Amino acid sequence: MIKHPLVNLWFFLSYSFSLLLSTTYFGLGIYLLIFLVILWLNKKYFMQVLHRLKPIIYYFPIMIILYFIFSLFLTDNTLGIILNEAIFGCLKLFFMMGAMMFFFESTQSQDIVIIARSVWVRLNKPWQWVEDFFLFLGMTLRFYPTFQSNWQLLRNTRKSLGLEADLSYLGQVKIAAKEMPGLLIYQLQRADDIAMAMKLRGYGKQFPRGVTYPIISKAVHLIQIILISFVYWAIHTFAKI
């Protein structure tokens with residue numbers, strides 16, 4: 001949506017944070033308009049986001065019922081107030097999760113790590129635990145999709161051979177418990193090989209590490225971040241009047 005990755009990340013985080021602080025339906029209406037603009041500008045990701053949100057939407061009625069029951073027994077609020085708070089909270093959660101889903105669909109996971117590392121390099125702090133955390137995060141984001149695709153390939157192979165045609169849910173769980181350890185061990189061995197290669201290339205001798213293709217931030221991007229923060233602050237203040 002916004003070309004510079006760091007400014008784009010700040011826009012979505014500011015939207016989510018400001019939305020969580022909203023306390024009126026008027027303010028919620030403003031954030032709904034912003035959400036519709038986000039949806040329009042990222043409409044090519046609509047089906048992917050809808051697919052991700054479907055399981056979460058199914059839980060909203062359960063969340064409302066549980067909130068209603070606990071509030072009814074633990075507070076003195078009337079039924080109308082309890083129902084209003086439950087619906088208002090679910091709407092805020094839906095808009096926030098929907099906006100962040102659009103961000104994650106439009107931004108690769110590795111790019112998020114590069115954004116964080118680019119900012120960290122500018123700070124020039126020799127803290128090894130931060131570099132270790134970035135390494136852990138990068139390895140996780142690299143190997144999880146591979147693990148997921150290998151598991152899906154295994155499932156498709158078993159289905160094509162007719163081995164899961166009449167399996168119950170419990171039977172599928174037993175197969176997963178049997179097959180997943182092997183897939184996990186394979187991924188751990190790959191991670192161990194990459195860790196050895198990184199040590200041979202000098203990992204741990206200099207902190208902070210450099211970034212091959214860093215995200216270059218200039219003064220104009222800082223101004224954009226300040227402007228975004230001011231706009232959301234103004235919306236939050238105006239919605240409370």
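Arg52 is partly exposed, because its relative accessibility of 46% lies between the 20% and 50% limits. In this predicted model, Arg52 forms a salt bridge with Glu105, and the structure holds 1 salt bridge.

**Salt bridge**

- The closest N and O atoms of Glu105 and Arg52 are 2.4 Å apart.
- In general terms, side chains of opposite charge can pair when their charged atoms come close.

**Aromatic pairs and a charge over a ring**

- The structure holds 14 aromatic pairs.
- One of them joins Phe11 and Phe12, whose ring centres are 5.4 Å apart.
- The planes of Phe11 and Phe12 stand at 90 degrees, so this pair is edge-to-face, the class for angles over 60 degrees.
- Phe11 and Phe12 are both buried.
- Tyr15 and Tyr31 also form an edge-to-face pair, with 5.8 Å from centre to centre and 75 degrees between the planes.
- This tyrosine pair links distant parts of the chain: Tyr15 belongs to helix H1 (residues 5–20) and Tyr31 to helix H2 (residues 25–41), 16 residues apart.
- Tyr15 has a relative accessible area of 0% and is therefore buried, the limit being under 20%.
- Tyr31 counts as buried because its relative accessibility is 1%, which is under 20%.
- Ring pairs join Phe11, Phe12, Tyr15 and Tyr31 with Phe103, Phe104 and Tyr232 into a cluster.
- At Trp40, the charged end of Lys43 sits over the ring, 4.1 Å from the ring centre.

**Largest pocket**

- The volume of the largest pocket is about 760 Å³.
- Its lining consists of 23 residues, and those closest to the pocket centre are Arg117, Leu135, Arg142, Met198 and Arg209.
- Helix H5 (109–123), helix H6 (128–160) and helix H7 (169–200) are the elements that each give two or more residues to this lining.
- H6 gives the most to the lining of the largest pocket, with 5 residues.
- By class, the pocket lining has 11 nonpolar, 7 polar and 5 charged residues.

**Largest cavity**

- Over the whole structure, a search finds 1 cavity of 30 Å³ or more.
- The largest cavity has a volume of about 30 Å³.
- Leu21, Ser22, Thr23, Thr24 and Tyr31 line the largest cavity, together with Ile235, His236, Ala239 and Lys240.
- Tyr31 therefore has a place in the cavity lining as well as in the edge-to-face pair with Tyr15, and its relative accessibility is 1%.
- Helix H8 (residues 219–240) gives the most to the lining of the largest cavity, with 4 residues.
- The cavity lining divides into 4 nonpolar, 4 polar and 1 charged residues.

**Two asparagines**

- Asn124 is in the loop between H5 and H6.
- With a relative accessible area of 55%, Asn124 is over the 50% limit and so is exposed.
- Asn124 and Pro208 are 84 residues apart in sequence, while their C-alpha atoms are 6.2 Å apart in space.
- Asn8 is in helix H1.
- Asn8 is buried because its relative accessible area is 4%, under the 20% limit.
- From Asn8 to Ser106 the separation is 98 residues in sequence and 10 Å in space, C-alpha to C-alpha.

Technical notes:
Residues numbered from 1 in each chain as written. Predicted model: local features only at pLDDT ≥ 70, side-chain atom pairs only at ≥ 80, totals over all residues. Heavy atoms only, no water. 1 Å grid on protein atoms, 1.4 Å probe; cavity = no way out; pocket = protein on both sides within 12 Å on 5 of 7 lines; lining within 4 Å. Points joined across faces, edges and corners; volume = space filled by probe spheres on them. Nonpolar A, V, L, I, M, F, W, Y, C, P; charged D, E, K, R; others polar. Phe/Tyr/Trp six-rings, centres within 6.5 Å; stacked < 30°, edge-to-face > 60°. Buried < 20%, exposed > 50% of the residue type's maximum accessible area, 1.4 Å probe, protein only. Lys NZ or Arg CZ within 6 Å of the ring centre and 35° of its normal. Salt bridge = Lys/Arg side-chain N within 4 Å of Asp/Glu carboxyl O.
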